[in-house]
Amino acid sequence: MDTTDLTIFRHVYDSGSLTAAAAECFMSAQGVSRVIKKLETELNDELFIRSSSGMIPTKRATDLYRKSLKIMELLSADTHSPSTFTIVFAIGVKVLCLLLG
């Protein structure tokens, strides 16, 4: 799982649609679907219930969404100085492991 996967996941969560998320990410719907399947495999849990009305997030998806917001916020913090970047990166990796664990 990386930040690209989390970004794609968040687009699916926000839109409730593989097609809409694909358009926002400049990908095919099949590519977005593969990312979601990959995340579900890595987490060993279902993230969305696929229905004719769209992608319905599970509780696990809602938890991951909240955590992904925190992760992205940490990673987008002011990282202009080299020392700040190193600290933010180290914390971001540890937080990612802790939050998703």
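Accessible areas here come from the Shrake-Rupley method with a 1.4 Å probe, and for residues only the protein chains shown count as cover. By that method the chain has an accessible surface of about 6100 Å², with 60% of this belonging to carbon and sulfur atoms. The model is predicted, so local features need pLDDT of at least 70 and side-chain atom pairs count only at pLDDT 80 or more, while totals for chains, interfaces and linings use all residues. Residues are numbered from 1 along each chain as its sequence is written, and side-chain values use heavy atoms, leaving out hydrogens and water.

The chain contains five helices and two strands, where helices (H or I, at least four residues) and strands (E, at least two) are DSSP runs numbered from the N terminus. Their order along the sequence is α-α-α-β-β-α-α. Of the 101 residues, 34% are buried, meaning under 20% relative accessible area; exposed means over 50%, and partly exposed lies in between (1.4 Å probe, protein chains only).

Helix α2 covers residues 18-25, and its buried residues are A21, A22 and C25. These sit on the same side of α2 because they cover an arc of only 100° around the axis, taken from the directions from the helix axis to the C-beta atoms. T19 and A23, on the other side of α2, are exposed. The cover over the buried residues includes α1 (3-15) and α3 (29-43), with contact meaning heavy atoms within 4.5 Å.

T58 lies in the loop between β2 (54-57) and α4 (59-75). T58 counts as buried because its relative accessibility is 14%. Leaving aside residues up to four places away in sequence, T58 touches E46, L47, F48 and I49.
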